[in-house]
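My notes follow in the order I took them.

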Amino acid sequence: MIAHAKRLAITSLVLCSLSAGAQDRSAQPANVNTLDIDALGMEISEQEILAIRRSMEYGREISTWAEKINGAPYRRDAHAKATGCLRATFSVNGDIPAHYRHSVFAEPTREYQAWIRFSNGDMLVQPDGKGDARGMAIKVMGVEGAPIAPELGMTGTQDFIMTNTPAFFNRNIFDYVDDMQFLAENKRLAWFVSLWPPRLHPRRLYIAAKTVSSKIPTPLQPQYYSMLPYQLGDTPVKFSVRHCPGMVFDSDVDTSAHDYLTEAMAQQLDNRDACFDFMLQAQVPGSNMPLDDATVVWSEQASPFVPVARIHIPAQSFTSEAQQAFCENLSMNPWHGAGEWLPLGSLSRARRLVYHAVSQFRHAKNDAPLVEPRNWCLTSTESCDLSEVIHSVKWVEPAPHSAH
Amino acid sequence: MLNRLRSWAGSIARWAGGILHAAWKLWTSIGPRWFRVLCVLVLVAVVAWHEAKVFLTPNLTQETIYSVRYLNDGWTPEERQSFYYTPQGTELLGIDYQWFLNLELPLSDEPLATAENLRGWGFIVAPGQRPDQLNPGNLPVGLGRHVDPKTGKERLDIGCATCHTGELHYKGTALRVDGGQAVQSMANAKRGEFITTLAASVFETLYNPFKWDRFATRVAGADEARRDELKKRFAGFADTIKHFVGGAGSPKNYPVEEGRGRVDAVGRIANVVFGYDIDEPGNYHPADAPASYPFIWDIWRFNWVQYTGFTNQAMARNVGESLGVLAPIKLVDAEGKALKGKDFGETVIDVDGLHCAEGLLRMLKPPQWPEDVLGEIDIARATAGKQLFAQHCQGCHGPHVKPPPEWPVADQQNPQIEGQISSNWQWDMAGEISEVDGKPVRRDWRADIWSIPWIPTEHIGTDPKLADNFMDNRYDASKLVPGSSPVNAGDGLQLLLNTLVPMLYERWDITGDAIPNYDGLNVPFRIANKRAYKSRPLHGVWATPPFLHNGSVPTIYDLLSTQEERPRSFYVGNREYDPQRLGYVTGKSPGSFFHDASILGNHNTGHLFTDVDAPGRIGPRLDEAQRYALLEYLKVMGNPAFTEALGGDAQDWAAYSQPPADEWNAKACNSSHLRHGITDMLPKGEEMSL
């Protein structure tokens, strides 16, 4: 279990961000020093920059270590195994409260096309039946407004990245870098428990153990959480996604199969739609809802999650090779976003720097700009034939009912 | 080592023994044995009393309202009051009006029938409501009184309005929906609900001398003879409760909880009439298909009514309903043999009261969306919704305005109507008869009618239990019609009512012209047995949550959503309204009923707009913008005040025909009122003369 905790420490954050450039990991990553941090417009202390720098160095050490186990070919370092990339629509609820009407949520009933990537958290590709953190990332497309991270370009996308646990087991970037220090030496428990110097973080250990041990019947079933807070308009929020109340999970796939999560999802989506409620939880005064302590679950009693958008996943096929390749190349970044939307806290700030470093590096290395999808097509075209992929059944209006 | 352990154990045992001994000494020092026994008994009694009190705590909603707004046009305040409190002859197992007013909550001296308690059980009481002649007890909407003609006693009467009046609450304003859907839980025999609390109170009043003393003093005063008579009658009432709970009212006959705002009306009518009234216990069937009380502001236009559209005539439907709501009737003697001749069908059903309510309803208009309370209408969105309604909804929901039918009738030569299990040609011929192709017909008096389609359950895919029960449950009616084979509820009612209604008319001296009027617009009584639900027109439907016949979908938004999106469970009982999604709030709250849609009878399937093949698919998936456009339109659909803004509205209710004049309606109201000593409702010039 502790081994898992260690992997998760690696996987869930920095290397997760590195995923976009995972293929290039064998080469020397970009140095955060080369970035003009001031130009990013974040208030960030010297101490924090130092922590980020150190965590990246530890990350490289861990990567080197992990690669020796994994061997070729290179995969993503975190959430390595995608259980499926799905086409979806993301529509803002008609009754979204007024104070949430910002960024992609500005216009009630507005509908966007989106991609959803479900994944297992581990850096190793392993059977779905093995306990693991489960990830869900949504890429909303056709987003208008000024990007929140101009250095990423005008992507026209906004990404929501989640796992199926409401809390992270490091409070902030300083916890994180401390933890990394031990992980880099392959001391998996050391940060949580140590005799000398005396140290005990039982709650964080518990969260870590719980995070990496979940087993699910299908990726469509669990509730997913942002873990980290964001700012929407004037309101600090966490977000979460839960399957719609009328969903039924009655898959009969063999859960000992290596890729049963993909199979269960394919079975469900063969002739049925799926849907999720996208929900926001506002930070409220008088409750323990810190912005820079990711180990604290914000009380749902004090501030319940309120549905503000709906994710509709039409019945579809999603297991073609072309789509799987597309899925591997999809880059999910919490700093893809527009308008009054901002990732909060030191862990989020770290993500931004790391992402930027990686992006810069890859541009130089690959000489191939990273292209963000604009619609449901696998290639960057305006339109494509989806009739084989989306399984909707055309409705033929019947003759009006004759009166009696 | 072992020895040391032993000695430790020994000391601990001695120590514990010493403590016990001391405790016992302390206990015996309290007093003599009889006193200590008394102490124990008192303690047990206090604990038991407390537990019982918790057990009997009323299950009340907590709603705060400061003012009331009436949303429907069409009625004067007097007419509204008349609809609310005109009796129809129904009873709550024969409880006296004064008894009901004077009962206390169980294990308490707080009155039972307070505005707070009754509102908490879902009844409707206006803030600051005052008693008047029609409602001297200041009771909730629908709870009136009638005089039992035999004993002269005043009984509690459960009128049409009890179930067919709705209320939406929004931020302290109560929006009254006349002719709408009630959410009271009157029939629900669950702990803490109205009927169980009432029963507990009755039995405690009978057996607790202190409670009895308070009750009897209030009802009968100090006079011993009157108190003794009261005791006798009250004990008889308690026996009636026991008898009813052992049969037609037995909880085992109602396995699917009706909860708030629902009742298996047809199932209960059948159990009461064919089980209880004709004393045939074999006829009890589980009534496990609860249905919402339907809204009724436009039903007089329908050609066929009831959820399955099983009948066409107002009087027969209303008499059947009265019997189901326990209007006393004598059909069999003490031995359970059918009564003969004049003795058959002796009942307190108030035929005038029924016709009065029927006439009043013809004037009632659908509720109007109050923009100042619930929010302004987005005209552009509503106009888009109008197109969507025409495209996706109107095909079934119409209204399909058709010329008035000419109903073929039975006569002496052809005394049997085809397809009907029984005909009463004398009754048929008592209407206004015309001749078409040499055959007698009753020409419908309406200028036009709404022809409501029957949609087969397999097509619409909504919970089939109600229609299946109606078609498949069989009742032995051989006591009424010797030699007849078992029939379904519709046919059974026809067998009974073809005899009973004309007898009632005779007793009430309704003859000649009055008959087709009391029948309802010259319509002869027919039954249609179909495994189908009617797709009724939807004017004002926004004010009638929850939705589908079984109240299984909390909001219209959810009804326009796919199966995945519809909640599989929710709470109903709190009347706070959600003006966005058009329904009551659905969260858990005190007094609310948990609707579990996984139970047959509660299913929320069907009537689906979806892009996948599914049973009950009736259209393509609607996106969020389309759903909200439809919701916006439904808020004002047909409301003449918005027709112009919408660029015309095919559903404008001002364009529909007016009800034909019926002088008998006002007369019926007046004579019902007069019989109950109500003088302040007499015609005041123009108002009451229809």
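**Entry 1: H201(A)**

I located H201(A) in the loop between β6 (199–200) and α5 (202–211) of chain A. Helices (H or I, at least four residues) and strands (E, at least two) are DSSP runs, numbered from the N terminus. Two reminders for the notebook. Residues are numbered from 1 along each chain as its sequence is written, and chains are lettered from A and ligands numbered from 1 in the order in which they are written. This is a predicted model, where local features need pLDDT of at least 70, side-chain atom pairs count only at pLDDT 80 or more, and totals for chains, interfaces and linings use all residues; side-chain values use heavy atoms, with hydrogens and water left out.

Is H201(A) buried or exposed? H201(A) counts as buried, because its relative accessibility is 17%. The cut-offs are under 20% relative accessible area for buried, over 50% for exposed and partly exposed in between (1.4 Å probe, protein chains only). I then listed its contacts, meaning heavy atoms within 4.5 Å. Leaving aside neighbours within four places in sequence, H201(A) is in contact with W191(A) and F192(A). I also checked the spacing to T211(A): 10 residues in sequence and 15 Å in space, C-alpha to C-alpha.

**Entry 2: chain A and G59(A)**

I counted eight helices and 12 strands in chain A. Of its 404 residues, 58% are buried. Among chain A contacts with a separation of 6 or more, 78% are between residues 24 or more positions apart. The accessible surface of chain A is about 16,600 Å², and carbon and sulfur atoms hold 53% of it. That area comes from the Shrake-Rupley method with a 1.4 Å probe; for residues, only the protein chains shown count as cover.

I picked G59(A), which is in helix α3 (residues 46–70) of chain A. G59(A) is buried, at a relative accessible area of 3%.

**Entry 3: R621(B)**

Next I went to R621(B), in the loop between β22 (617–619) and α22 (624–636) of chain B. R621(B) is buried, because its relative accessible area is 13%. Beyond its neighbours within four places in sequence, R621(B) has contacts including D273(A), T562(B), E565(B) and F609(B).

Strand β5 (residues 173–178) of chain B has six of its six residues buried, so it is largely enclosed by the rest of the structure. In a regular strand the side chains alternate between the two faces of the sheet. I noted T173(B), L175(B) and V177(B) on one side of β5(B), and A174(B), R176(B) and D178(B) on the other.

I checked the pairing, which needs at least two DSSP bridges between two strands. Strand β1 (residues 67–70) of chain B runs parallel to β5(B), with four bridges. There, Y70(B) stands opposite R176(B). Strand β4 (residues 165–170) of chain B runs antiparallel to β5(B), with six bridges. H169(B) has A174(B) as its bridge partner in β5(B). β4(B) and β5(B) form a hairpin with two residues between them, and K171(B) in the turn has a positive phi of about 50°.

**Entry 4: a second hairpin**

I compared notes on β12 (residues 433–436) and β13 (residues 439–443) of chain B, antiparallel strands joined by four bridges. S434(B) has V441(B) as its bridge partner in β13(B). Two residues lie between the strands of this hairpin, and D437(B) takes a positive phi near 50°.

**Entry 5: α10(B)**

I found 10 of the 13 residues of α10(B) buried, so it is largely enclosed by the rest of the structure. The buried residues of α10(B) pack against α9, β6 (262–263), α11 (314–324), β8 and α19 of chain B. D279(B) follows α10(B) and has a positive phi, near 55°.
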